[in-house]
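Reader: I would like to learn how to read a structure step by step, from the fold down to single side chains. Could we work through one case together?

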Amino acid sequence: MPHHINNDLGVLPCTGRDSLFFSNLRAHQAVAKALCRGCEVKDACLQLALDNETGDRRTTFGVFGGKTPAQRVRIKKRQLKEEEAT
């Protein structure tokens, strides 16, 4: 599994589809994001990627949890601002 998330079923929508999930082509990213929508580990996958984002640059390439690197950077920056405010 390209995203290193364990599940009981063993097969996730991303399994064997690295060419979609790790592509710069928007059409591939759109298909990858659509496959993520119904995935049982989508939230854990996104959190794994966010845990590896610094907020300053894209530290994790590919679609994770239905989000592109640019989307994750924006999410991470928002999270960091919220943490600073508390």
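Reader: What covers the buried residues of α4?

Author: Bear in mind that this is a predicted model. The cover over the buried residues of α4 includes α3.

Reader: Which residues of α4 are buried, and why do they line one face of the helix?

Author: The buried residues of α4 are P69, R72, V73, I75 and K76. Seen down the helix axis, the buried residues of α4 fall within an arc of 165 degrees, and therefore they line one face of the helix. On the other side of α4, the residues R74, K81 and A85 are exposed.

Reader: How many residues does α4 have, and how does its reach compare with the span that is expected?

Author: There are 17 residues in α4, and the distance from its first C-alpha to its last is 24 Å, which is close to the 24 Å expected at 1.5 Å a residue.

Reader: Where does this helix sit in the fold, and what pattern does the chain follow along the sequence?

Author: The chain has four helices and zero strands, so that the pattern read along the sequence is α-α-α-α. Of its 86 residues, 37% count as buried, and the accessible surface comes to about 5600 Å², with 49% of it belonging to carbon and sulfur atoms. For the contacts with a separation of 6 or more, 38% are accounted for by residues 24 or more positions apart.

Reader: Let us turn to the aromatic rings. How is a pair of them described?

Author: A pair of aromatic rings is described by the distance of the centres together with the angle of the planes. In the whole structure, a search finds two aromatic pairs. One of them is formed by F22 and F64, with 5.9 Å centre to centre and 80 degrees between the planes, and this pair is edge-to-face.

Reader: Which parts of the chain does the pair of F22 and F64 link?

Author: The pair links distant parts of the chain, since F22 lies in the loop between α1 (18–21) and α2 (26–37), whereas F64 lies in the loop between α3 (42–51) and α4 (69–85), and the two are 42 residues apart. Together with F61, the residues F22 and F64 form one aromatic cluster.

Reader: Is F64 buried or exposed, and why does F22 count as partly exposed?

Author: F64 counts as buried because its relative accessibility is 6%, under the cut-off of 20%. F22 has 28% relative accessibility and therefore counts as partly exposed, a class that lies between the 20% and 50% cut-offs.

Terms used
Residues numbered from 1 in each chain as written. Predicted model: local features only at pLDDT ≥ 70, side-chain atom pairs only at ≥ 80, totals over all residues. Heavy atoms only, no water. Buried < 20%, exposed > 50% of the residue type's maximum accessible area, 1.4 Å probe, protein only. Contact = heavy atoms within 4.5 Å. Areas by Shrake-Rupley, 256 points an atom, 1.4 Å probe, with all protein chains shown as cover. Phe/Tyr/Trp six-rings, centres within 6.5 Å; stacked < 30°, edge-to-face > 60°. Expected span 1.5 Å × (residues − 1). Arc of directions from axis to C-beta.
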